[in-house]
Amino acid sequence: MKKILIAPSLLSADFSRLADEIREVEKAGCDLLHVDVMDGHFVPNLTIGPLVVKAVRKVTKLPLDVHLMIENPVRFIAEFKKAGADWITIHIEAEKEARKTLREIRNLGAKAGISVRPGTPIQEIYPFLDDLDLVLVMSVEPGFAGQAFMPEMMGKLRLLRPHFSKLISVDGGVDPQTAPQALDAGADVLVAGSAIFGQKDRGQAVAVFREISKRIS
């Protein structure tokens with residue numbers, strides 16, 4: 001039985017008590033933290049930068065999966081790695097020289113990921129699979145938390161899985177009702193925002209995902 005990784009998304013955390021929020025989900029048994037970085041250009045929202053990642057790094061030993069929803073991400077990957085990112089994921093739609101950028105991420109000592117928006121065919125990333133440690137499939141349009149899961153995106157996982165043996169992550173609208181669809185399609189990493197941070201008992205929230213993953217995998 002393969003291990004499913006649970007990745008709470010900091011976008012749904014209470015930033016007025018961020019350190020406590022992180023400690024709670026770490027204690028709850030999650031595997032890594034998903035950090036959404038938005039620039040107000042590639043996506044309409046604006047979130048955090050390297051300084052916040054650096055602050056997060058100080059309060060947890062969990063791996064930090066930094067998802068760059070920004071234009072021309074190669075400009076900032078060194079800063080995010082220095083701030084404490086363990087995984088750095090770029091968007092295929094935002095990068096003209098994806099192979100060069102992915103290799104630079106690895107050269108810096110981070111794991112390299114690539115993400116696709118709902119409207120992007122998964123086949124567009126096939127030329128870069130050898131340079132990847134992670135593929136992140138968006139099951140909502142990137143930019144805002146709280147959107148409804150798009151089940152039709154699971155077809156991308158089914159197409160990709162035979163060609164890619166490393167980690168496939170699903171981000172957007174993942175909760176106990178939709179997680180089985182992602183797992184059945186071949187997901188290894190569940191990125192969940194309000195389904196974890198929006199629950200009073202984070203330990204129970206993570207335990208529910210664990211139980212679902214046991215049944216499916």
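**Exercise 1. How do helix 1 and helix 2 pack?**

Helix 1 and helix 2 pack with their axes 10 Å apart, at an angle of about 50 degrees. Work out which orientation class this gives, which hand the crossing has and which residues make the contact.

*Solution.* Some ground rules come before the steps. This is a predicted model, in which local features need pLDDT of at least 70 and side-chain atom pairs count only at pLDDT 80 or more, while totals for chains, interfaces and linings use all residues. Residues are numbered from 1 along each chain as its sequence is written, and side-chain values use heavy atoms, with hydrogens and water left out.

Step 1: Helices (H or I, at least four residues) and strands (E, at least two) are DSSP runs, numbered from the N terminus. Axes are lines fitted to C-alpha atoms, for helices over the stretch in contact, and angles run from 0 to 180 degrees between N-to-C directions.

Step 2: Angles under 35 degrees count as roughly parallel, over 145 as roughly antiparallel, 65 to 115 as roughly perpendicular and the rest as oblique. Helix 1 and helix 2 are therefore oblique to each other.

Step 3: The crossing of helix 1 past helix 2 is right-handed. A crossing is right-handed if the near helix is turned clockwise from the far one by less than a right angle, and left-handed if anticlockwise.

Step 4: Helix 1 and helix 2 pass each other in this right-handed crossing. On the helix 1 side the contact (heavy atoms within 4.5 Å) uses Leu-18, Ala-19, Ile-22, Arg-23 and Glu-26, and on the helix 2 side Val-52, Val-56 and Val-59.

**Exercise 2. Now try helix 8.**

Describe how helix 1 crosses helix 8, and name the residues that touch.

*Solution.* Step 1: The two axes, of helix 1 and helix 8, come within 8 Å and cross at roughly 45 degrees. Helix 1 and helix 8 are therefore oblique.

Step 1: Helix 1 passes helix 8 in a right-handed crossing. Glu-21, Glu-24, Val-25 and Ala-28 of helix 1 make the contact with Arg-202, Gly-203 and Val-206 of helix 8.

**Exercise 3. Which residues of helix 1 are buried?**

List the buried residues of helix 1, then find what covers them.

*Solution.* Step 1: Buried means under 20% relative accessible area, exposed over 50%, and partly exposed in between (1.4 Å probe, protein chains only).

Step 1: In helix 1 (residues 18-28), the buried residues are Leu-18, Glu-21, Ile-22, Val-25 and Ala-28. They cover an arc of only 125 degrees around the axis, which puts them on the same side of helix 1. The arc is that of the directions from the helix axis to the C-beta atoms.

Step 2: Their cover includes strand 1 (5-8), strand 2 (33-38), helix 2 (50-59), helix 7 (194-197) and helix 8 (202-216).

Step 3: Look also just after helix 1, where Gly-29 takes a positive phi of about 100 degrees.

**Exercise 4. Is Ser-9 buried or exposed****?**

Place Ser-9 in the chain and list its contacts beyond its sequence neighbours.

*Solution.* Step 1: Ser-9 sits in the loop between strand 1 and helix 1. Its relative accessibility of 5% makes Ser-9 buried.

Step 1: Leaving aside neighbours within four places in sequence, Ser-9 is in contact with His-34, Asp-36, Val-191, Ala-192, Gly-193 and Phe-197.
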